[in-house]
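Let's take a walk through this structure together, from the overall build of one chain down to single residues. Keep the viewer open as you read.

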Amino acid sequence: MKTYSIVFILLSLILSSCTTLLVEAPANNPEAIFENLWNTFDEEYAVFEERSIDWDAQYNTYRPQVDALTSDDELFSILTEMLTPFDDGHITLTAPGKQVFFGNKIRREKIDDALFNIDVIKTYLEPGFEVGDDNTDQAPYIFGKVKDENVAYIYFRYVGDNFIVLNDFLEKYKDVNGYIIDLRHNDGGDFTYCYSEIGRLVDEERYVFRSKTKNGKGDNDYTEWHRWSVFPEGAYVDKPIAVLTDRYTISAGERAVMAFDVLPNVTIMGDTTNGAHATLVGRELANGWFYSLVIQKVEVADGESYEGIGIAPDVLVKNTIDEISNGVDQVLENAVELVK
Amino acid sequence: MPTKFKLITLFIFIGSIQLMSQTGGVLQVSVGPSFLTRQDLVFSPFIHSDFSLLNGGLEYQKSKRGHQFFRLNYAGFETGLQTPYDYVLDDTFGTSYPHDFTFVQIAYGHGFSIGKRDTLQPTLGFSLQMDVQAMTYQYGLFSFFGYYSTTALNIWYRQTLPLGTKSRLIGMVEVPIVSWLTRSPYLVNDDEFIENTYSHKGVETFFKYLEDGHIATWDEIQRLDLGLQYQYDLSRKWILGAAYKFSFIHASKPRDLYSIQNNFNLTLGIKL
C-alpha cells in the first residue's frame, strides 16, 4: 500500500503543477489591454515601413492617455485613434455593441461606395443571367451576356469557391469576342481559388508575386520569400479581357488582380485597388474585443510593394454619383468598348 | 497521401482488425464530461477553458498473451474569453462566436506482462497513436483554422489492482518516445500553409499539413497520459466502470502550446 501512496502523491504533484506552467496571460484592465495590443503590433505587424508608421511615437502619444480608470468607450476611442494613421484595410477593431472600426478611411467612411451598384449592372445584362446562390446584393457571383454586344460579363463578390464557376462561364460564352471580369467591391477571401481556376486564361507559367511572413518577434524575423505564379490549364482562351477594379477591391481581391495583371491580353480598368493585400491574422484582447493586423510583406512581379498604395489600373475610369443614379456604369461601358 | 502516413494508417488498421477479429476481448464505450485548459500562443496569449459533455471513446482490449488495445477518442470544446456578443457592421449586426476545438485520437497498442505473473498484472508495451486536433479560432469578423497533430510511438505501463472478486482498479501511464509533430505556423498562417490548401480538397490538405511536420522528441514536445479506471463485473458479460484520464501536452515550437485535459467517464464494457 505504501507504493500506491507514493504513486498517488507523485501524481497529485504532477497534476497540480501543470497549470502553473502556463504563460501568464495579459490582464484585463485598460492599461494591460493597451500594452497587449501595442506589443502585439510591435512584434507581429509586418508593414510599418510601407505604411510610414512610427509605432514608438504612437505609443508615446497614446499610452499616457490610458490609466486604470479609462472606460471601455474611452479605450476604444484611444485605440482606434492610434490605429487610424495606418489607413490599413486589414486593420479592424471589434467590440460589443460598437460599429466595427476599419483602419482604412475609404472603407470606414464609405467614400465612393455608391459608385458601384450591382442593380445597375444587372440592367446591362441579357435576361437569364446567372446569380450565385441567392438573388441579393450578397450573391457570390453574377454572370451573363451584355445586351446587344458579343461580350460576356462576370462579377465576383469575393474570392473563394465562387471562382469555380469561372470555367463554366468561359465555356458557356466561348463564342464571345471578349470578357469582362468585375472585381470591384471584391471583399477578398482565399486567393488560391482564383489562382487554381484561372488556368484557361493563362498562356504560360507567369510569376505574379512573392510574399514572406513574420515568424518571430524581431523586426527581421520572416520566412523565406515564397513565389506565387499562375499556370496554364485546359484549352487556352485567347481573347481580350477587361478586369474592373475600384478602391474596395481588397485583400485576396487584389491578389486576383495581380494575377490577371500579368496576363498579356488583360486590361485593368477602373480605379486603384485598396492597397491591403498582405495576409492578416485575428487577435483577441482580455476584455473579449477582437482586432486584426497584417503579418506579411508582398512584392509584385515588378519587384515593388503596393501595400498602402494599391494596384493602379491600366485605364483609369470612375463612375460619378449622377451616372450611377441615372443607371449608367461608365466603367462597365468603357470595358465593353474595349473588348467587344 | 504521403507514403509514410499510408503505412502508419495501414498499420493501425491492420492491428485493429487483427485484434478485433479475435475473441475473448472486451469492447468498451466511455462517455462523460471533460475539462480543458489550453493556451496556444500561435493563436492567443490567453488561457481558454471549457467544460464539455461532448467527450467519449470506444476501446477494444484483449488481455491474453499480454495486452492489446485499439482505441478511438473524441472530444469537442467551445471556449471564449467572453460570452458571444453583437457588434455593428455597417447597417447590420454581427455576432461573435466562441473558438471551437475538435480532438480525435486513434491508437493501437501491444504490451507484455512483466515481473511476476500475479494478480497485479503489470504490463509494459508500445503503442502507435495519432492525435488530430482541429481548431477554429473566432475573432469577430474573421475566423482562422488551426491544427495540431502528432503521430507518436508511445511506451506505456499498465497495472491492475484487484478490489475483491468482482471489481478492480486499473492504472495506466503513457508517454511518447518519438513523435511526428505538425502544427499551425508561427502566426496562424503563412505561404506554406496557404500552399497546402491549394487543392481545395479537405483530405489532401490534411495530409499536406501532416507532411509538413517533423520528428520531435521530449525536448520539443512533452506529453503525458494518465488513466485510472474502476471496473465492476455486472455479470459474466457486462462490465460497468468509471474512468479518469488526464492528458497533458506541451509543445514549444513554433510557439508554446499547453493543453491540459481532465476526463471523467462512465464506462460500459461487453465481453466478446
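Chain A has a secondary structure of 11 helices and 14 strands, where helices (H or I, at least four residues) and strands (E, at least two) are DSSP runs numbered from the N terminus. This is a predicted model, in which local features need pLDDT of at least 70 and side-chain atom pairs count only at pLDDT 80 or more, while totals for chains, interfaces and linings use all residues. Residues are numbered from 1 along each chain as its sequence is written, and chains are lettered from A and ligands numbered from 1 in the order in which they are written.

Taken along the principal axes, the C-alpha atoms of chain A fill a box of roughly 90 × 50 × 40 Å. Of the 340 residues in chain A, 43% are buried; a residue is buried if 20 or more other C-beta atoms lie within 10 Å of its own, exposed if 12 or fewer, and partly exposed in between, with C-beta atoms placed from the backbone. Contacts, for their part, are pairs of residues whose C-beta atoms, placed from the backbone, lie within 7 Å. Among the contacts in chain A between residues at least 6 apart in sequence, 67% join residues at least 24 apart.

Now to the sheets. One open sheet of chain A has 7 strands in the order β3-β4-β5-β6-β9-β10-β14, with mixed pairing; two strands pair if DSSP finds at least two bridges between them. At its edges stand β3 (130–131) and β14 (315–316) of chain A, each with a single partner strand, so one side of each is left without a neighbour in the sheet.

Strand β5 (residues 151–156) of chain A runs parallel to β6(A), joined by 5 bridges, and here Y155(A) stands opposite D182(A). On the next step, β6 (residues 178–182) and β9(A) pair in the parallel sense over 4 bridges, with D182(A) opposite L244(A) in β9(A). Strand β9 (residues 241–245) of chain A is mostly covered, with 4 of its 5 residues buried. Then 5 bridges join β9(A) to the parallel strand β10 (residues 266–270) of chain A, and A242(A) has T267(A) in β10(A) as its bridge partner. Helix α9(A) lies across β6, β9 and β10 of chain A and runs at about 140° to β10(A); axes are lines fitted to C-alpha atoms, for helices over the stretch in contact, and angles run from 0 to 180 degrees between N-to-C directions.

Chain A also has an open sheet of 4 strands in the order β2-β1-β12-β11, with antiparallel pairing. Its edges are β2 (101–102) and β11 (280–284) of chain A, each with a single partner strand, so one side of each is left without a neighbour in the sheet. Strands β11(A) and β12 (residues 290–294) of chain A pair over 5 antiparallel bridges, and G282(A) has S292(A) in β12(A) as its bridge partner.

Two backbone details close the tour. A cis peptide bond, with omega about 0°, joins K253(B) and P254(B), and P254(B) lies in the loop between β14 and β15 of chain B. D148(A) has a positive phi of about 60° although it is not a glycine.

Key:
Contact = placed C-beta atoms within 7 Å.
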